Every structure is written in structure tokens, then in C-alpha cells.
Amino acid sequence: MHRVLALASLIFILLVTTSGVGSNSVSQFRNIKYQTQQTLDFPVAQINDRVIYDGVEQKDVTLYQYVSEEGFPVFYSRNVHTGVCYDNQCKLLNITLYWNPTGRYLGFELVDNEFLSKEDHVPFTDAEYVRLNKLLSDPDLPLGAFTFNQIAAKSKASLYKVDGVSGATAKDVLEYVVQGSAYTTFTLYELVYGDTKTEVESWTNEVMNDAYLENVLTKSPYQDQLWAIDLIHGRILDYPRSKEIVLDLMGAPDYSLAEKCLNSVVPEDLTEIEFQNKLIDKFQFFDFGMKSRTVELLKETTQISLDVVYKLNAFLPDLEVPIVSGVLDVFLEKGIDDPTTLQTIKEIANSENRYLAKKAGDYMDRLGN
Amino acid sequence: MNRRDVLSTIGALSVGLTSSAIVKGDVLKKPYKTIDRKLETDILVIGGGTAGSIAAIQAGRTGHQVTLIECQSQLGGTVTTAGVAFPGLFFAWGKQVISGVGWELVQSAVQMNGDSLPNFSLPHGREHWKHQIRLNASLYALLLEEKCLEAGVNVRYYETPTSLVFKDEHWYVETVGKGVRAEIKCKQIIDCSGNAIAASIAGYKLFKEKVTQPGTLMFRIGGYDFESLDLERLKIAYEMAIDRGELIRGEFRGDIIALLKEKGDNVQHIEGADSTTSETHTEANIKGRESLLKHLRFLKKQPGLGNVRIEEMRTEAGIRETYRIDGLYRISYEDYITGKVYPDSIAYSYYPVDLHTVEGVVPEQLAEGVVPTIPFRSMIPKNSRNFIVAGRSICSDQLANSGLRVQASCMAMGQAAGAAAALAIEKKVTPSDLPIGELKKLIEMHGGIVPLGKKTSKG
């Protein structure tokens with residue numbers, strides 16, 4: 001894409017981003033353009049480019065990165081010039097696709113006077129563009145599980161009058177495509193979720209820093225937050241400000257957000273005692289599964305601080321039986337034998353639950369005086 | 001060894017062979033004799049599958065003596081031995097509805113295998129399997145065994161019950177295993193056989209549909225490039241093979257493309273598959289394997305499939321449905337789809353109504369916000385004492401059962417059964433007389449979730 005054209009597109013994107021949420025029909029503009037929610041709404045100050053290989057088009061293509069003044073990737077784009085071929089016929093697809101820095105689909109744009117068409121070259125209606133944009137924005141769309149071969153099989157099926165007898169029926173595919181444009185929808189879906197997406201994520205990862213992560217974790221849509229949390233798995237100590245946000249999000253009411261935050265932590269992270277303490281401060285608010293996971297992390301880390309030991313001691317009476325059992329394992333493994341802990345364990349040894357009582361008794365035999 | 005040594009050794013061996021079958025290193029054993037064992041335990045869990053292994057761990061964690069007998073060589077049942085290693089559903093409408101022992105193990109298996117959980121906050125829509133959790137079945141079996149042993153459970157593989165007699169407030173259970181006959185005296189029985197075999201032997205009434213859901217042999221095929229196949233030609237060849245009587249449409253749901261696309265994953269249907277006895281299970285396994293072999297031979301003759309091969313196959317077929325007990329309460333389809341909550345609801349069970357037939361399966365998703373529950377009474381056979389059933393054999397009609405039979409629900413039922421058996425011993429009552437409030441509290445104290453229960457165990 002020529003730089004000027006890219007900048008024109010950029011201006012468009014910034015214009016239509018103002019509403020921020022959902023799909024925007026922009027048929028009043030000269031070009032046909034649709035987009036979804038942006039990860040971050042920063043003004044673009046610079047455009048970088050790099051050549052990547054795209055497996056769908058099977059050739060080298062140029063990927064553009066749009067960067068803010070702070071050096072934050074704002075979005076990415078690339079031009080697509082490819083044939084959509086079926087039944088020995090090909091139709092040229094000339095379109096610009098946009099991605100968010102997290103690899104999430106951002107939108108598409110057609111160059112001047114270009115339009116997408118269905119069978120017999122009937123142009124898409126506004127509603128069909130909206131539907132296409134919606135389909136492309138769903139990373140879990142079952143269309144992703146289809147193959148071109150399966151879709152192609154549908155058209156030939158009628159020749160043998162066996163369509164619907166076996167294999168996924170045409171009806172199955174129709175739910176996930178713009179009607180009359182199955183191949184175009186499928187090709188675009190493959191392009192959106194293919195190699196370019198991976199390249200986008202990788203490029204963003206290369207320039208990732210704490211400030212950028214902080215913005216994504218606090219200001220971006222839900223899916224982008226999850227992406228950022230996945231990204232910092234095992235690297236949380238490298239991002240001090242983001243680390244605090246991740247700790248906060250462990251208490252989020254959204255289960256997956258909270259669970260992913262906890263699972264981004266690896267045992268090595270707990271070697272930082274301050275982090276270990278902060279994690280245990282969250283512990284009492286965790287559900288059973290997250291408490292279980294935290295105990296596993298403590299088992300696998302090399303040391304636990306005395307503060308953490310005291311806090312766990314205080315929590316013990318209210319904890320679920322398997323968690324108490326896990327905490328005893330942690331204490332035993334780390335050789336915890338301070339008087340407070342031994343007193344707590346002595347009380348557990350008198351517990352009505354014989355399983356816990358036996359475990360605590362064994363502990364006292366090993367480490368008690 | 002030189003030539004002379006070799007010859008002298010052969011000579012010695014020849015002498016040995018003519019005089020006795022013993023050579024150096026062998027030990028003469030007396031003729032084989034079955035060992036008789038007399039064991040005593042608090043709780044006997046029969047069947048170490050999806051529900052039974054969880055029930056045993058839960059019961060063990062209450063501090064009672066627990067013995068678990070399992071007719072196969074490992075724990076986990078359908079998840080591990082049958083290879084249906086994608087349990088679900090633990091979440092409904094963005095909230096966790098099944099936790100506790102099962103969740104603890106699933107979470108550990110996911111973490112240890114370097115996998116990640118699906119996003120349960122995003123609605124699954126019609127694709128409920130998106131919220132199922134792919135597990136490494138072998139790892140899950142190892143973790144189950146470790147947790148059982150850690151909870152003090154006496155695990156006895158290769159054993160199955162042959163007789164159950166109740167007298168003087170105890171059960172006397174005879175089992176047979178490899179070279180072992182055991183008589184196990186216990187206070188409470190939890191039948192997690194999946195077929196209610198123990199309930200049947202004990203003389204309690206069972207139900208079975210005239211037509212049960214088919215079973216499935218899990219396997220994986222490979223050695224072909226799906227994208228390069230001429231699917232239309234293949235469909236036609238498949239239809240022709242069915243017309244000629246070479247293949248049976250129902251064995252792969254009439255969908256040869258799905259067999260190839262999914263590489264065999266959970267696509268086979270074995271009509272009438274029943275795991276209740278060694279004879280019926282043998283028949284189901286043979287039918288499943290014959291069907292696979294037949295289809296493999298057919299596929300190998302098709303263009304692009306000359307190198308198709310089996311990459312993995314589980315040792316036995318997974319069974320969806322056999323017998324259900326006649327319990328104190330029968331869960332109906334209506335109860336299930338309306339999410340009825342009972343005073344004695346001890347677990348949630350969230351899954352669509354999922355009746356597999358010869359034609360295939362079209363799941364009926366539950367209406368938004370609906371989460372069915374399991375009443376404890378449905379786990380107790382009528383006229384029984386000190387006897388609980390957990391898993392797919394609980395008292396329910398076929399449609400309700402098609403939803404509640406799934407693995408996460410079985411885990412929740414297993415946990416409830418383990419807790420109930422322990423509490424019944426402590427209270428010296430039969431399970432039907434248990435104070436339900438105390439049972440719910442005990443389940444929660446062990447991390448389980450009970451319907452409408454307040455989180456009594458949280459700090």
C-alpha cells in the first residue's frame with residue numbers, strides 16, 4: 001500500500017473510532033469501510049512496515065504498523081490482492097484488512113469504487129457488509145473449523161444429488177457466511193485469523209513495555225485484556241506496574257479474567273517476597289479452585305516468607321479441608337516449625353476430621369518438639 | 001561365551017529339560033490357588049470411574065476408612081480408560097456451578113500439562129463443547145490415583161462384586177479379582193459402577209430403556225491430508241458401500257466426512273453398547289473395533305487415503321447409558337430443563353439434553369439462566385439402607401439422564417456421595433435420614449458447590 005493511501009485509511013479509522021463500540025456502517029463515506037472496537041485509541045504518529053509471508057495468499061506481503069507518539073502500536077493493516085477461486089472460476093479480492101495490536105480483527109476497507117459481490121456479481125448490501133464485519137470479528141466462529149475443501153464440496157454436491165446426505169450440510173455453512181458469498185467470507189476469515197494475525201501479535205510483543213501493557217490491561221476491551229494477561233505469563237516481574245494491575249484483577253468478578261491473572265503467575269515469581277505477600281493478601285477472597293492453585297504455587301516455590309506463614313495460619317480455621325491439607329504440605333515441605341505454626345497444627349491434630357488430624361499428627365511427629 | 005561353553009550349556013539344558021522344566025534362575029511354584037481375603041472398611045466404593053474416584057477421595061478426606069474396587073487397571077473410567085477426556089460442564093452462565101474434588105483434579109491436570117482453561121465468561125451458545133476441558137487422560141489417571149492414595153483410600157484394581165448382603169447394619173460384599181476372592185465388610189456402599197451393578201446384586205430395582213444410547217470407541221486416525229481429499233467422491237463411495245451392505249450408516253452417524261475431519265474423535269456410534277457385564281462389554285468392544293476396522297479398510301481404498309492409519313485407540317468403548325436405579329425421587333425431563341431446585345439438591349448438573357441416537361445427536365440447549373440440580377433422593381435406591389448411587393445410574397428418565405450423565409455432573413455427585421456416606425456413619429443413620437443442611441455444609445467444607453447454599457466455608 002502506498003504511504004499516502006495508508007495515511008488516508010488511518011485518518012478514516014480515527015474518524016470512525018469516535019463511537020468506540022460495536023460495528024460502524026460508514027456508507028456515507030466515499031469508501032466502504034467497517035470496523036470494530038479498537039484496543040487503544042491513541043493518535044498515530046508514525047507508520048512502520050515489514051515484509052511477512054502469508055500462507056493464505058502464499059506470497060510475501062507488506063504489513064503496516066501504526067504507532068503512537070509514545071511508541072505504542074495502535075493498529076496494523078495490510079492490503080490483500082488475491083483470487084477467490086471455486087468451480088474453476090476466480091474473482092479478485094482487493095481489500096485492506098486491519099488488526100488491533102493484540103491480533104484481534106479491527107476492520108476492513110475497500111478502495112475507491114470497489115465493492116464486494118456475491119454470486120453473479122451482485123454487490124453486497126449494507127446489511128451484508130455489517131454481517132460480514134460481525135462474522136469476521138468472531139474469533140470462535142465455527143467457520144474457522146471448516147476447510148475450503150468442505151465448503152467447495154457443497155457446490156459439487158448438488159451435481160450428484162447427495163448434498164445433505166453426508167458431511168456438514170450447506171445449511172451448516174450458511175449460518176456462518178454472507179449468503180451467496182461463502183468463498184469470499186471463508187477466504188477473508190482465513191486471512192483475518194491466519195499468518196498475519198500471528199505476525200501482528202509477534203510484532204506487538206517485540207515492542208511491549210510496562211507502560212503499554214498497563215494501558216492494555218486497564219483501558220482496552222475485555223478480549224484484549226485477556227490477551228495481555230496471557231502474554232505476561234511467567235514474565236510478570238518484568239512489568240512492575242502491570243504486576244499490580246494483575247494482582248488487582250485476581251479479585252475481578254469475571255472468573256476467566258481472575259483465573260487467567262492467577263495462572264499468569266509461575267512459582268519463580270514467588271521468589272519476590274513482596275509479590276508473594278501481596279498474592280496471599282488476595283488469597284482469602286479467592287474461590288476454592290484459585291486457592292487450590294495458589295497452594296500449588298507455594299508448594300513449587302523455593303521459599304515462603306514468615307509473613308505469608310502467619311497469614312496462612314490466620315486463615316486456616318476458615319479454609320476448606322483440601323486447602324488446609326495443602327497448606328500443611330507447604331509448611332512441612334518448607335520445614336516451618338515456628339511456635340505459632342506448631343500451635344496451629346497442634347489444634348488441627350485434635351480436629352474431628354481424622355484425615356486432617358492424622359496429617360497434623362504426622363507433622364508434629366516430624367517437626368514438633 | 002565361547003563355543004565349548006555354549007555346547008556345554010546346551011547339554012546341561014537338555015539334561016534339565018528331560019529331567020525337569022526348571023533351569024537355573026527359575027523357582028518351582030506350587031499349583032495356583034485363589035487367595036481368600038477378609039477385609040473391613042467404613043465405606044466401600046464400587047467403581048473407580050468418573051464419579052467413584054471422586055467419591056473415594058472425598059470419603060477419604062473425611063477421615064474414614066475407604067476401599068475402592070475397580071474392575072479395570074486404572075482410575076477415571078470414561079475420562080481415562082474410554083478416552084472421553086474432555087469433561088464438562090463446570091460453568092453455567094458465567095458462574096462456576098461444579099467445583100470441589102473434581103475441579104481440583106481437572107485444574108491440576110490442565111496446569112501440569114501446560115494447557116489452559118477455556119474462557120468460561122464468554123457464552124458457549126450452541127457449541128457447549130467449547131466449555132469442555134481437554135485433558136491429558138494419562139496424566140489425569142495418575143493424579144486421581146495419587147489423590148486417592150493421599151486420602152488413604154485402599155485401591156483394589158481388577159475386582160468386581162459378586163454378592164452383597166446387608167445384615168446387622170453392615171454390608172458383606174464378595175468380590176472376585178485376579179487370583180483373589182475378597183469378602184469386604186463395610187458400613188456404607190457407594191455404587192459408582194455406572195451400571196448400578198451393585199444395586200442390582202443387592203436386589204434393588206433398576207430401569208433400562210428398550211433402546212439405549214449408543215457407545216463410542218475413542219480413537220485417532222491420521223496419514224492423510226484432509227484438504228486434498230475429493231470429499232464429494234468420497235461421499236458417493238460411502239453411500240455406495242452402505243447400499244452394498246458393506247458399511248452401516250449408523251456406525252459413524254452417516255458422516256464419513258466427519259470421521260475424517262475429526263480424525264475419529266468421538267464420532268463412532270456402537271448400537272446397544274452395554275458395559276454391565278464382561279459379556280456385554282466384550283460385545284460392545286468387539287462391535288466398536290470391528291466397525292473401525294471395516295471403515296479403515298474402506299477408507300484405504302479411496303483416493304488420497306491409501307496411508308490412512310490408526311494413531312491411537314483406547315482399550316475399551318465408552319458407554320453412555322445402561323441401567324438406572326428406581327430411587328426415592330426420579331428426575332424428569334421437565335425437572336431438568338426447568339432447573340428445578342429441591343430442598344435436598346446437593347449438586348448442580350449443567351449440560352444440554354444430549355440424547356445420542358442412530359441418526360446422530362442434536363443437543364437441546366438449556367434456556368438462559370437454567371441450571372438443573374440433583375436431589376439427593378435420586379441417588380438412593382428405594383427400600384435401601386446404607387446405600388448410595390452416584391453417576392449416570394441415578395434415578396432419572398432417559399432425557400434428563402442424557403444431560404446429567406456427563407462427567408462434571410458425575411464428579412459432583414461422587415463428591416456428594418462420599419460426603420453423605422461419611423456423614424451417615426458419623427450420625428449413625430441411613431443416607432435417606434441424613435440432615436441435608438449438614439450434608440451441604442460438609443460438601444462446601446470440601447470445596448464443593450451446592451445449589452442455593454451459602455458459602456459457609458469462605459473466610
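How many bridges link β7(B) and strand β8 (residues 170-177) of chain B, and is the pairing parallel or antiparallel? Some notes from my look through the model.

1. First, the ground rules. This is a predicted model, in which local features need pLDDT of at least 70 and side-chain atom pairs count only at pLDDT 80 or more, while totals for chains, interfaces and linings use all residues. Residues are numbered from 1 along each chain as its sequence is written, and chains are lettered from A and ligands numbered from 1 in the order in which they are written.

2. On to the strands (DSSP runs of E, at least two residues, numbered from the N terminus). β7(B) and β8(B) run antiparallel, over seven bridges; strands count as paired if DSSP finds at least two bridges between them. Within this pair, Thr160(B) sits opposite Val176(B) of β8(B).

3. Zooming out, the sheet in chain B is open, has four strands in the order β1-β9-β8-β7, and its pairing is mixed. β1 (35-40) and β7 (160-167) of chain B are the edge strands, each pairing on one side only. From one strand to the next, the twist averages 15 degrees, with axes being lines fitted to C-alpha atoms and angles running from 0 to 180 degrees between N-to-C directions.

4. Chain B splits into domain 1 (38-209 + 322-445) and domain 2 (219-313), with bounds from an automatic or database domain assignment. Their centres, taken over C-alpha atoms, are 31 Å apart. Nine residues of domain 1 of chain B touch eight of domain 2 of chain B, where contact means C-beta atoms, placed from the backbone, within 7 Å.

5. Now the contact between the chains: chain B gives 39 residues and chain A gives 38. On the chain B side, α6(B) has the largest share, six residues. (Helices are DSSP runs of H or I, at least four residues.)

6. Chain A has 16 helices and six strands, and 40% of its 369 residues count as buried. Buried means that 20 or more other C-beta atoms lie within 10 Å of the residue's own; exposed means 12 or fewer, and partly exposed is in between.

7. Take α15 (residues 339-349) of chain A, where Thr341(A), Thr344(A), Ile345(A) and Ile348(A) are buried. Seen down the axis, the buried residues of α15(A) fall within an arc of 95 degrees, so they line one face of the helix; the arc is that of the directions from the helix axis to the C-beta atoms. Pro339(A), Gln343(A) and Glu347(A) are exposed on the face turned away from the buried side. The cover over the buried residues includes α13 (306-315), α14 (321-333) and α16 (354-367) of chain A.

Definitions and conventions: Two residues are in contact if their C-beta atoms, placed from the backbone, lie within 7 Å.
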